[in-house]
Every structure is written in structure tokens, then in C-alpha cells.
Amino acid sequence: MHCTRVVAPDIHYVGSSDRRLALFESAFPIPRGVSYNSYLVLDDKTVLLDTVDRSVAPAFLENVDYLLAGKQLDYVIVNHMEPDHAATLQELRLRHPEAVIVATQKALDMIAQFFDSDTAKPCQAVKEGESLCTGKHCFNFVTAPMVHWPEVMVTYDSTSKVLFSADAFGTFGALSGNLFADEYDFERDWLDDARRYYTNIVGKYGVQVQSLLKKASGLDISIICPLHGPIWRQNLSWFISKYSQWATYTPESKSVMIAYASVYGDTENAATILANMLSELGVRNIALYDVSTVHPSLIVSESFRCSHLVFASTTYNMGIFVNMEIALNDLKAHNLQNRTVALIENGSWAPTSGKLMRDIITSMKNMRLLEQTTTLKSSVKPSNLADLSAMAHALAADLL
Ligand code: FEO
């Protein structure tokens, strides 16, 4: 049975949510699921904006059929060709061979790469600033390369003042009946997933996201329709300001995250002692993570959130403990910048993790390394407490 929703006059939600997928992009845990959003505009001409992932294809196709009610599908605007949104394009093409695919030339090339070359026919390649009028509605195309792939564009319906924003302003999390962000306590229940989605999926491309935000600031937007997660029709500036902070690598909160890698609990002991010292100095909302028990995507999103970061790692195979090395390289790969960092190393006979962690951190942009470091030899000794205390005082002085 169809399951559609009205977004605005003529504009309908025809997407669906997947609550079974364990790893988004085979990489990111999504215990709250994910939605794949698609929108159908019933104007003089009918227009579908993006399709969906294969996992929700039956619901999507039924929704489109129901709303079209026998009418032909005139246009399919493909804002983003990644298969979580375009995997059902070929199936749709079989049902609606008449529909003209409207996309950037790069997206059309990718459609031919992913499917057979006929899937992209008939088509209309569009460029920045071009538009498509379908009766009452006028769709204006704004390119957004690398948000999150090179072929991406966003589409602005100047009649309804709706921005179809592709991956931008999306989030992990399945929709639970409520369609709009204002129908949820978004800050309490969604913001962490939105941050984890942004930082891990497009965090690397902050410059390109800033460019899109600049273009969007020139549009009169009432509603943002992303390809994942709730639709925004209230308090848009709050979420846009979050995006602006993330895209400029500006810490969201003045707070400290301590991430540690510990084999037998001694490095964990040092991290916990430091956390306690910070608390006694008045630092609040300290985040403390074992990199072996949390996913690297959380370390990435928390590092984007916090202004001060502490990494504590044992030495392993003469290197950084594997889970810590993965996390640090992930931060570097996502272009994290503008943070203050302190390091704790441990090694029973040749501690090297401190130098190796420092090498990664100093190869990143605008990272300030505190001179206060701590070297443990196997376990925390009274002589280490002064170093940890100096580190705690330096962090607290900065934070408070
Ligand atoms: Fe949701 Fe870049 O795909």
C-alpha cells in the first residue's frame, strides 16, 4: 500500500526508510536506520526529484505509481547519482521510458557508467543557473560539486521556495512517521546523528560546502528537502549555522574529548585520571572514549564538535595501537582543522606512539599541540601525575 506525505502544495514525499541496514556505505553503523528521500511534484508536467536506494524500491515505486494515477512521468531530476539515491533509476526507466532525465552532464555520464547507456535517454543536461519550468513551478539548478560527489547539484523551486538539497542537510536515522524536523526534538534526538552523517560523509569537503552555503544564502528558502532525514520548514537558520560551523572546521563547543587506546587498562587509567583532574578544575561535559569500543565515525564527529582533543595510546608493534591509528588517520582524511591537541603515550620498552601520533597531528592544518605530554612506561606511576596535572591545567586554562 502506498505511503506518501504532502510536503507543500503539489510537492509529495515518496521516499522510505530502511531500519535493517547495519552499515551505511558498508562503513558507518546506523542503529537508528536511514531514510532515502524522494519527492514528486504534480504540476502541469510531473517531476520526480531523485530516486531511492534499492532496499526501499518497492515502497518508492508504489508511492510514485499511486500519485501519478496513470499520468506520465515527464521529468526525473537527478541531483545526486550515488546509488543510495539512484539505484532505482533503471527500474523507474522501465516503467517510465518517456521521462526526461535532467542532471548535470557529469551525472548523466555516471548514469551510463552505473547502468547501460540507454538509461540516461532521453535526457537534458543542465548547467549552473539554468532552469526548468513545468507549469506553476520553476526549478533552478545550482551546482554543488563534491557535496558529496563531483556531479552533484541542488534544485531550488522558486515558486514554493523549496530547496532540494541533495545530501546537504541530511542525517542518519529512519523517519518515524513525522516528516518534518520541527515534529521531533531534533537537537536532543537527531543532532548527534546529523553531525556524524555530515562529518563522515562530507566533512572532508568543507570548502565546497561553504561554497554551496554561500550560493544558498542568496535564495529565499522556506523549506529544505534533503535526501536523508527530516525536512526543514522551521528554524532553518539554526541548522544552517551548524553546517556553517562544521564546514569551516569551527569547534561547536568549548569542550574536551579524550580518546584512548588501552590493551591492559593502564593507558585507560591515565586517561581517566586526566578526565578526573579536568573535572576537579571545573571542566564540564568531558567526553571519554575507548577507540576499541566505539566506531571511528564517532571519534570523527566528536572531534568536529569539541575544541580540545586528547589522544592517549599504547605503543603496539612499534607503532600506534591499531584502532587509534585508524581514528587519527580518519580525522586527517576528513580534513579536521583548528583544534588544540594533547598526547599521552605508553610503551613498556620503547614508547613510540607519542611521536607517531604527533607526526599525524602536525601534518593536519591549524592543529595546536600542547607542549604538556605524558609518557607512561607500562602503568601510571606517582611521577606521571605531575605531567597529567600539568596537561589538565593547560587544557582547563584554555577551556575556561
Ligand atoms: Fe546520500 Fe552521497 O549519497
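**Close-up 1. Helices α7 and α8 pack against each other in this predicted model.** Here α7 (residues 206–217) meets α8 (residues 236–247) at an angle of about 145°, and the two axes sit 8 Å apart. The crossing of α7 past α8 is left-handed. On the α7 side, the contact uses G206, V207, V209, Q210 and L213; α8 brings I240, Y243, S244 and A247. Sort those contact residues by type and you get six nonpolar, three polar and no charged.

**Close-up 2. An open sheet is built from five strands.** Read across the sheet, the order goes β12-β13-β14-β15-β16, with mixed pairing. The edge positions belong to β12 (131–133) and β16 (223–225). Each of these has a single partner strand, so one of its sides has no neighbour in the sheet. From one strand to the next, the twist averages 20°.

**Close-up 3. Strands β13 and β14 run antiparallel.** Zooming in on this pair, β13 covers residues 138–143 and β14 covers residues 153–157. Five bridges join the two strands. To pick out a bridge by residue, look for N140, whose partner in β14 is Y156. As background, strands in a sheet pair through backbone hydrogen bonds, in either a parallel or an antiparallel way.

**Close-up 4. V294 sits in the loop between β18 and α10.** Setting aside neighbours within four places in sequence, V294 is in contact with Y289 and I299.

Technical notes
Residues are numbered from 1 along each chain as its sequence is written. This is a predicted model: local features need pLDDT of at least 70, side-chain atom pairs count only at pLDDT 80 or more; totals for chains, interfaces and linings use all residues. Side-chain values use heavy atoms; hydrogens and water are left out. Axes are lines fitted to C-alpha atoms, for helices over the stretch in contact, and angles run from 0 to 180 degrees between N-to-C directions. Helices (H or I, at least four residues) and strands (E, at least two) are DSSP runs, numbered from the N terminus. A crossing is left-handed if the near helix is turned anticlockwise from the far one by less than a right angle, and right-handed if clockwise. Contact means heavy atoms within 4.5 Å. Ala, Val, Leu, Ile, Met, Phe, Trp, Tyr, Cys and Pro count as nonpolar, Asp, Glu, Lys and Arg as charged, and the others, Gly among them, as polar. Two strands pair if DSSP finds at least two bridges between them.
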